[in-house]
Amino acid sequence: NRSSDLSIISTHRAVGTAAFWTTVGHLVVIIWKWFAQNRVHSFSELWNHYWHYYNKPLDWKDLGFMGSTSLLLRLMPIWGLMMLTAMPWIRRRFWEWFLYLHKVVIVIFFVLFYYHSRYFINTAIIPLGLYVLDKLVRWISIYSRCCKVTTIHAYEDVVHLEITVNSLFSKWCQFPSLVGSVAYLNIPKAKFIEYHPISIAYNHGNVLGFFIKVVGNEHSWSHKLAKLSDKEGLRAYVEGPYTMVKRRADETTITEEKAKKLVNQMYHDNIMIVAGGCGFGGVSAYILDCLKAVKHLPSEEQAKKSMHVVLVVPHHAHFDAMKDILLECKECGFCKLHLYATYRNNEELRTNSPKGVDANSVRVKSLKGDVNEFVTLDYTVGRPDLKSILDGLDDLPITAFACGPKTLISSFYKELRKQKRRFQCHIDVFDM
């Protein structure tokens, strides 16, 4: 199953695209008629005819069909620019243009509807009021908090970020254990006006952890964030978190009965988790949630559980960023780690590294109480053989979680469907 948000986004794109191209089609027919009737003979005449489609003065209280059409034609360049920024390769590089052009178009359409119909405000007052209320609640939730960056460190092209969220009510209102959650982040020192939706990899009460991929050019938000590595005293603004699942934050309240019910309802006995790069942040909360629940089961019940975690990263330094969660997996007897480094941007490392399963290792620092220890994580150079890993699972129905690049997720889902057994799969994709 996929997130309902993805279905909403897909529907929004389909409706918006259909409306735009229907309007463009009408416009093409109108222009073709002008040429067919010899009403225009040059680009300047075409532009003049287009811009002055309706020559009479506009009556804003009663635009009528011709007045509305004339205004729509004048606003088509803005709408066209918005649709241009919606193209994936532009949208991902110029997200703010895409976002704020949407807001401009929404305001324009609201004004046009208001003047087009005297009854519009009567039908729009409730949704408009809810929209304004939603904005007020969001602004209050953002600016009533004092959020501080407590950890920021760049590991190659991955930033590990921890933010402590404090508010007027933080003493009485701690975040529960967040699973499948996202928050909108603003770090003014990186970029003042940009908010970015980032999956919450883990949380300890009101301390939120994130893994952020450095993408784009040197002026992008993530690049500027990486340049702030190890800086102290950074201010942050957080909207959210918005979460799919909430668990009680107090671990002692998880009884054996509740843990068994949670595992049987959500995770079952045969679990496989696949992540690519910072997609690990999209599934790591599920890993921690499952580990916590299984640890509360009797030892004979724990022995029946099997979890396989497959993590594929471009560089072994990323394992250091994610070490706390990986080491927790390693300490659990029912959890098997499959770590892979592709070195896609480093030909020398890819060629000279030992080949074979778990033929390489990286030492990471682990904090045990007040003592720092170095622990070894074994990994394989290359990409995972997902079929072999799936074939090695227990002969039971599979519960799968996946998050990462489309190629990895598509390959995994393809191999999963080939299995001669039932499965359920939760997939998170980042395709904004």
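Grid points are joined across faces, edges and corners, and the volume is the space filled by probe spheres set on the points. The model is predicted: local features require pLDDT of at least 70 and side-chain atom pairs pLDDT 80 or more, while totals for chains, interfaces and linings use all residues. Numbering runs from 1 along each chain as its sequence is written, and side-chain values use heavy atoms, without hydrogens and water.

One cavity of 30 Å³ or more is present in the structure. Two elements each give two or more residues to the lining of the largest cavity, helix 3 (64-85) and helix 5 (95-116); helices are DSSP runs of H or I with at least four residues, numbered from the N terminus. Helix 3 gives the most, with five residues. Lining residues, which have an atom within 4 Å of a point, include L72, W79, V105 and F109.

Attention now turns to the nonpolar cores, sets of buried Ala, Val, Leu, Ile, Met, Phe, Trp, Tyr and Cys residues joined through side-chain atoms within 4.5 Å, where buried means under 20% relative accessible area with a 1.4 Å probe, protein chains only. The largest core has 51 residues, and Y267, F280, M307 and L377 are among those with the most contacts inside it. Helix 9 (residues 280-295) supplies the largest share of this core, nine residues. Another core, of 26 residues, lies apart from it and includes A183 and L234.

How values were computed: 1 Å grid on protein atoms, 1.4 Å probe; cavity = no way out; pocket = protein on both sides within 12 Å on 5 of 7 lines; lining within 4 Å. Buried < 20%, exposed > 50% of the residue type's maximum accessible area, 1.4 Å probe, protein only.
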